[in-house]
Every structure is written in structure tokens, then in C-alpha cells.
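This report concerns a single protein model.

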Amino acid sequence: MQTVINNYTTKPEVPTCTGSFNARELRFSRTMIFAIEEINNSTELLPGIRLGYQIYDTCASVPIAVHVAFQLLNGQNPVFYNDSNCSQSGAVIAAVGDSGSTPSISISHIMGSFNIPLVSHFATCACLSDKQEYPTFFRTIPSDHYQADALAKLVKYFGWTWIGAVHSDSDYGNNGMASFLKTVTSEGICVEYIESFYRTDPQNNIRRVADVIRRSSAVVVVAFTAAGDMKFLLEELARDPPPPRQWIGSESWVTDPHSMSFSFCAGTIGVAIQQSVIPGLRDFLLDLSPSEVASSSVLTEFWEDAFNCSLRESADLNKRKCDITEDIKALKSPYTETSQLRITNMVYKAVYAIAHALHNAACQETNDMTQCDKRKSVEPKQIVAELKKVNFIQNGYHISFDTNGDPMAFYELVNWQKSKNGITELVTVGYYDASLPKSQEFRVNRKLTWMEGGTQVPASVCSESCPPGTRKVLQKGKPICCYDCIPCPEGEISNITDSPDCFLCPREFWPNSKRDACFPKPVEFLTFDEVLSTILAAFSVSGACLAIITAVIFFYHRTTPVVKANNSELSFLLLFSLTLCFLCSLTFIGAPSEWSCMLRHTAFGITFVLCISCVLGKTIVVLMAFKATLPGNNVMKWFGPPQQRMTVVSFTFIQVIICIIWLVVSPPFPVKNLTTYKEKIILECALGSSVGFWAVLGYIGLLAVFCFVLAVLARKLPDNFNEAKMITFSMLIFCAVWITFIPAYISSPGKFTVAVEIFAILASSFGLMLCIFAPKCFIILFQPEKNTKKYIMQKN
């Protein structure tokens with residue numbers, strides 16, 4: 001079509017077509033003639049009535065389409081083809097066409113005003129389904145609403161989330177792409193660019209669209225274009241082929257033989273009208289006699305274009321003259337290509353739909369016979385009414401229209417695959433059937449060939465998928481498909497691909513190293529299997545054995561002065577309490593339980609008070625013994641063995657009372673400590689009542705300080721075996737250990753808190769043991785000469 005600028009000073013010329021010859025459209029028009037001849041020869045459909053036709057060329061142009069519409073209404077002669085062998089002359093009652101949506105819109109607007117139905121075989125714009133706007137429009141090809149849905153499902157099926165989009169700047173392309181974009185964006189698919197163009201655009205605009213495709217990062221390109229528009233884009237891309245691209249095509253161009261000739265589009269996938277078979281059509285198309293060709297300007301143009309020769313005297317002088325040697329049966333042309341009849345069948349169905357509507361309006365069934373009155377006047381609006389009701393099967397294909405004048409949508413998914421001889425062929429690899437349930441309407445059932453002949457599905461994403469253990473963070477200013485993968489924070493996981501968020505593990509669980517799963521936190525406590533526990537237990541048992549051995553030594557030498565010098569009964573009681581002190585540390589090792597938590601603290605508190613009470617008793621004995629040596633002082637009778645026992649029992653009983661109150665009011669209990677460490681659980685004993693715990697320690701400290709003060713007072717008193725000095729040293733060690741214990745206990749984490757407590761128990765116990773009993777045992781075992789009454793008398 002040539003663009004003409006009118007100056008409004010002269011009468012505009014009649015629009016004319018220019019450009020290359022479209023053999024595919026010729027096949028469509030010849031198919032209509034074939035169908036009409038079939039109907040005219042039928043004894044069942046419209047018997048006694050012959051159909052005539054007029055064929056016009058709209059040149060895919062709105063101005064020419066409008067001109068054609070008025071020609072039809074005014075009964076003017078057609079551009080080519082005219083069969084006036086009709087049963088009844090008069091105005092046109094129906095029309096088949098047009099191949100484009102935009103011309104069909106214009107024609108339908110004009111013809112609709114006169115109630116003349118227009119049945120299109122190739123106008124797919126969803127806008128034409130609006131019966132308020134186009135009440136007399138019907139079509140045998142599905143609406144682009146379904147095509148857009150099929151293309152969107154195709155993109156989603158293969159996991160492509162980053163695509164480019166180009167479309168014809170026409171009603172077909174604009175409406176189809178809008179419907180497609182609405183569907184894909186709702187599925188979370190992002191579009192890098194959207195470009196439009198038209199075949200009559202300046203070359204710079206088409207070159208700009210081609211450059212966008214070349215520079216883009218999207219591997220998949222969805223082209224919702226008419227075949228005539230796509231031709232110009234592909235030719236521009238062929239000058240400088242882009243990087244490998246996976247093309248997704250609409251039905252208009254994906255089955256176009258010319259488009260399939262571009263090698264860089266290998267592996268293209270798209271939707272196509274169902275492949276069909278029309279018996280006898282190929283023979284009809286090839287049955288062109290020289291006289292028939294010569295009598296038709298359009299067939300003459302086709303013949304000259306196909307065989308590169310001249311039939312007319314005024315034709316190109318550089319071409320040879322056509323003769324009888326041209327063989328149309330050997331011709332490779334879109335006109336003779338009948339192996340993939342798709343849109344051609346839509347033309348065939350459109351003619352039969354009009355014929356059935358006319359049959360229902362002009363014929364009647366009487367006595368099992370069909371009678372048609374060729375003299376009966378049929379109005380176009382009757383044909384419109386009958387078209388809404390047609391429902392028949394022709395050549396195995398069902399034909400009917402819904403309330404919008406559309407057929408039931410069925411598409412084949414086609415793939416451009418190279419055959420063994422290197423020819424690109426259309427291969428059906430699946431289908432889209434709108435009549436099926438939502439989950440079953442789209443199906444791929446055959447292996448595909450991808451761009452550059454690949455066998456693997458190409459990836460087309462803005463950002464690679466975020467693996468489990470990470471979350472998506474959108475890149476600023478970019479679509480939602482462009483994001484960075486950020487590792488989950490500490491304590492959180494994501495267990496799905498492309499997770500938008502990480503979530504916290506339950507309180508007693510912790511992520512693995514990949515942060516894609518939660519596992520139970522390891523439970524930590526001081527177990528007997530650990531080296532530290534083994535060492536502490538060894539010292540504990542060693543201390544207890546040492547105390548028992550000392551008691552055995554003392555018992556064996558119980559009559560010696562060293563043993564008798566400072567109340568042997570208190571010494572044996574002290575050794576017994578020290579043995580318990582050493583052994584009570586073992587209760588702190590192992591998994592805490594209700595009984596072990598109560599036992600460890602109360603046993604520790606009572607045994608240490610018993611121990612300190614014995615030391616205190618020994619200290620008082622030293623002081624009383626010195627007082628008793630003064631003349632006239634008989635104080636020892638007031639602090640004899642009974643009083644000493646009562647002192648120990650009384651001090652210990654007070655601690656027992658404190659422990660009983662603690663256990664009754666709020667006893668210690670096992671607890672899972674989840675706060676000290678995030679990644680593990682510390683199983684420990686909670687104090688229950690902090691007041692009870694510190695009361696037990698405070699009472700032990702009070703006795704220890706009191707005992708230390710008395711020991712300091714008695715350290716310089718005369719004593720044969722330095723008893724007071726040794727008690728002073730032992731209490732000094734005891735107090736130092738427990739004073740340093742408090743900050744260490746508070747600051748030590750987890751199981752080390754228990755280890756500090758055990759260490760304090762063992763250190764203070766060994767301090768008492770070594771300071772009080774080691775010197776005496778040394779004398780008993782290694783200096784027996786000093787362990788005699790004679791030696792003591794001589795010393796005094």
C-alpha cells in the first residue's frame with residue numbers, strides 16, 4: 001500500500017496496492033471459490049440454489065478496505081474475480097474476510113450498518129467479540145483472548161520470567177499484546193521491553209526495534225505480529241543477526257513460509273490453527289488452464305511472479321516470455337503449499353457457515369426432502385440470525401459460534417524443526433484446548449528443538465533463582481524479576497527456591513550450615529564423657545579416697561598424741577564431712593533432673609556447713625584449751641565433747657532448716673537455657689528461689705568468716721602441732737576460693753558454670769584437707785619420733 005498525502009485541492013486518486021505479490025492470500029481466495037463450487041454441486045446443501053461471489057483485494061489497508069466495503073454495498077465491479085452465475089441477482093447478503101483485524105474492523109463497521117454479516121477467517125482481535133460494537137461480525141478463527149492466554153501459558157510452562165515483546169502497531173498487535181501482557185504479569189513474568197512497529201513505518205523505526213532485540217538480555221522474544229509486518233523485522237535482523245534468541249510466535253506469522261526461511265529463527269515455538277485436510281483442494285489449486293490465467297489479472301500477476309516470466313506485452317522486457325513449459329505442479333510456492341492447511345480451512349469453514357445459514361433461511365424440509373426456493377428473497381439480517389444458530393460438522397470439523405460470534409478455541413503448539421534434508425518444518429508438539437478444564441487445557445506432548453537446534457530449554461531470567469538458604473531482595477528501579485540473593489540472617493532459614501523471606505526456626509531448633517532446614521539444637525550439659533568432667537570426677541574421687549585414707553591412718557594411730565591433741569572425734573567427723581564434700585561434686589555432673597537439681601545444692605550446702613562446723617569446733621577447742629591452762633580457769637568443762645557435738649549439730653541443723661524451706665517454697669529444677677547460646681541448648685538447674693540459694697551460700701560464708709576470725713585470734717597461741725595456724729591457712733584458702741567463685745559463677749557460660757562450682761567445692765575441700773590433716777599425717781607416717789608423749793614433754 002502506498003501512502004498518499006492529500007492536499008484537498010484535487011480529487012484524491014483511488015487507492016491502489018503496491019509491493020510484492022502475496023501467494024498465500026491467493027490460496028485463500030481460491031479456496032473460497034473451491035468451497036462455493038462444492039456447495040453448488042451439492043444435492044444436500046442448498047439444492048437448486050447456486051451461489052455467486054465477488055472477490056476484492058483490500059491490500060491489508062484500511063483506506064482500501066473502506067473503499068471495498070462501499071463497492072460491495074453499491075454493487076460495483078470487483079477488482080478481480082466475478083462469478084455472476086447466481087440463482088438471483090441483487091445485493092450482497094454476506095461477506096468472507098478480511099485477513100487482517102484492522103481492515104475487518106473498518107469493513108464490519110460499514111456493513112454492520114446494513115445488517116450484512118462479515119465472517120472472517122483470519123481477523124483475531126479480541127475487540128471484534130464486542131457484539132455491541134460489531135453485531136454482524138463472525139469468525140471461524142479463535143479470538144486473540146485465547147491466543148494470548150495460550151502464549152502466556154507457554155512462557156510460564158518453560159519457566160521463562162524475563163522476556164522481550166514486539167507487536168504490530170495495529171488492532172491485531174496492540175490488543176493481542178495487551179491481553180498477553182495482562183496475563184503474564186499476573187503470573188509474575190517480567191517484560192524487559194515492549195516495542196511496536198508497522199510495515200509502513202520508516203526504516204529507522206524498524207531498525208531501532210531490531211537494535212533493542214540485539215542489545216537486550218532477555219533470551220525469549222514474544223512476537224505478536226502480522227506476517228506482513230514480521231517480514232520487515234526479520235529482514236532487518238538478517239542484516240546483522242542478533243545473539244541466539246528463542247522466538248515465541250503468534251499464529252499469524254509462525255506458520256508463514258516466508259518467516260520460516262530465516263535461519264536465526266530456528267527453534268521458534270508458537271500457536272497455530274489446527275492442521276486440517278480438505279479433499280480435492282490441491283487438485284483444484286493446481287488446475288489452472290492458460291486461458292483461465294490469462295483472463296484474470298491477479299492470476300496473470302501470480303504466474304509471472306512465480307515463474308519469473310512475462311504473459312503481457314507491456315510487462316518487463318527483461319523477462320522471458322511465458323510458454324507452455326511452466327509446470328505449476330512442480331512449483332514451490334505458498335500458493336501450492338497444502339501440506340499444512342490451517343488458515344485455509346478457516347476460509348473453507350466460513351463459506352460453509354454462510355451456506356448453512358442461507359440454507360436454513362431459504363430451504364424447508366418436506367416429506368424427508370429438502371426444497372429450496374431460489375425465488376425467495378432472503379434479507380441479510382436473516383443470515384445474521386441463522387449464523388448465530390449454525391451447528392454442523394464439515395470434513396470432520398465442528399462449526400458453530402458462541403454469543404460473541406467466536407468459535408471454540410483450539411490451537412496446536414508448533415515448533416520449527418529442521419528435517420534430515422535441512423528444510424525447516426512445522427512440527428506439532430502440543431495443544432491448547434479452551435473447552436477442557438483449566439488444568440488440562442494446555443499440554444506439551446512431544447520433544448522440542450530450541451534456538452540454534454539445541455535440545456535443552458534455554459534459560460531466560462533477569463536473575464538466577466535464589467537457592468534455599470537465601471531470600472530475594474529486589475533491585476532498585478528494576479522489575480520484580482530482577483533481584484539479589486541475600487543469605488538468611490543467623491537463626492533463620494528458607495527452604496524453598498526464590499523465597500521472598502526467611503523465617504525463624506522454632507525456639508529449640510537451629511539452622512544447618514546451608515540455612516535451608518531447621519534441626520534440633522544440641523543439648524549441652526556437663527557429661528561424664530567429657531575430658532573436663534573426667535578430670536573433675538577424678539579429683540573428686542581422689543579427694544574422697546584421700547579423706548578415707550586419712551581417717552584410716554588416724555583411726556590406726558588414734559592413741560597417739562597427734563590424733564588426741566585436738567579432739568579426735570571432731571577430726572573424724574571433719575574427715576567424714578570432707579568425704580561427702582568431695583563426693584557431692586559428682587552430683588553436678590550429668591543431665592540435670594528434678595532430683596539431681598535438688599540434691600546437688602542441698603547436699604553441697606549441708607555437707608559444707610557440717611565441714612565448717614567441725615573446723616569451727618576445732619578452732620573453739622584450741623581457744624578453750626588455752627583458756628583452760630590459766631590458773632583457776634575451768635572453762636573446758638563448759639566446752640567438752642558433748643558441747644562440741646551439740647555445736648556441730650546445731651550449726652548444721654540451721655542449714656538443714658534453710659534447705660528444707662528452699663525445697664518446699666521454690667526448689668531448684670531442670671531448665672533448658674535458650675538465651676546464653678543461640679545455636680545450642682544448655683540444660684542446667686535453675687535455682688528456683690534465688691533467695692534460698694544465696695541464703696545457703698551466705699550461711700556457709702558466715703560460718704567460714706566466723707571461723708576464720710577465731711582462727712586468726714588463735715594463731716599465736718601456744719600449740720604443739722600448730723593447729724590454729726593450719727586452721728587459719730585452711731580458712732584463708734576457703735574464703736579466697738568462694739569469694740572468687742561468685743564473679744566466676746555469674747560470668748561463666750553454660751556448662752562451665754557447673755564446672756566452676758565443682759572446682760570451688762574441690763578447691764576448698766582440698767584446702768581444708770591439706771592444711772589441717774597433711775602436716776599431722778606427715779608426722780604420723782614420716783616423723784613418728786615427734787608423735788610421742790616424751791617428745792611433747794621435752795618441747796614444753
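The sections below treat an open sheet, a helix with a surface patch, and the salt bridges.

The model is predicted: local features need pLDDT of at least 70, side-chain atom pairs count only at pLDDT 80 or more, and totals for chains, interfaces and linings use all residues. Residues are numbered from 1 along each chain as its sequence is written, and side-chain values use heavy atoms, with hydrogens and water left out.

**The open sheet**

Helices (H or I, at least four residues) and strands (E, at least two) are DSSP runs numbered from the N terminus. Two strands are taken as paired if DSSP finds at least two bridges between them. An open sheet of mixed pairing is built from 8 strands in the order β7-β6-β8-β9-β10-β17-β18-β19. Its edges are β7 (190-197) and β19 (442-444), each of which pairs on one side only. On average, neighbouring strands of this sheet are turned by 30° against each other, direction ignored; the axes are lines fitted to C-alpha atoms.

Strand β8 (residues 220-224) is mostly covered, with 5 of its 5 residues buried, where buried means under 20% relative accessible area, exposed over 50%, and partly exposed in between (1.4 Å probe, protein chains only). V220, V222 and F224 point one way from β8, while V221 and A223 point the other way. Strand β6 (residues 162-168) pairs with β8 in the parallel sense over 5 bridges, and G164 stands opposite V221. Strand β9 (residues 246-249) also runs parallel to β8, joined by 4 bridges; here A223 stands opposite G249. By contrast, β17 (residues 410-418) and β18 (residues 424-433) pair in the antiparallel sense over 9 bridges, and E425 in β18 is the bridge partner of Q417.

Helix α18 (residues 641-665) has 25 residues and should span 36 Å at 1.5 Å a residue, which agrees with the 36 Å between its end C-alpha atoms; the expected span is 1.5 Å times one less than the number of residues. Buried residues in α18 are Q644, T647, V648, T652, Q655, C659 and W662. A nonpolar surface patch is formed by V649, F653, I657, I660, I661, V664 and V665, with about 690 Å² of accessible area together. Such a patch joins nonpolar side chains (Val, Leu, Ile, Met, Phe, Trp, Tyr) within 5 Å, from residues with over 30% relative accessible area and no salt bridge; areas come from the Shrake-Rupley method with a 1.4 Å probe. I657, found in α18, is partly exposed at a relative accessible area of 34%.

**Salt bridges**

The structure holds 18 salt bridges, each a side-chain nitrogen of Lys or Arg within 4 Å of a carboxyl oxygen of Asp or Glu. The table lists some of them.

| Pair | Closest N to O |
|---|---|
| R30 and E292 | 3.1 Å |
| E508 and K672 | 3.3 Å |

R30 lies in helix α1 (residues 23-40) and E292 in helix α10 (residues 290-295), so this pair ties together parts 262 residues apart in sequence. R30 is buried, at 2% relative accessible area, whereas E292 is partly exposed at 27%.

D211 and R214 are 3 residues apart in helix α6 (residues 203-215), a separation of about one helical turn. D211 is partly exposed at 25% relative accessibility, and R214 is buried at 14%.

E508 and K672 form a salt bridge that links distant parts of the chain, 164 residues apart: E508 is in the loop between β23 (503-504) and β24 (509-511), and K672 is in strand β27 (residues 669-673). E508 is partly exposed at 34% relative accessibility, as is K672 at 42%. Salt bridges that share partners also join D149, K153 and E441 into one network.

Terms used
Patch = residues over 30% accessible without salt bridge, like charges linked within 9 Å, V, L, I, M, F, W, Y side chains within 5 Å. Axes fitted to C-alpha atoms, helices over the stretch in contact; angles between N-to-C directions.
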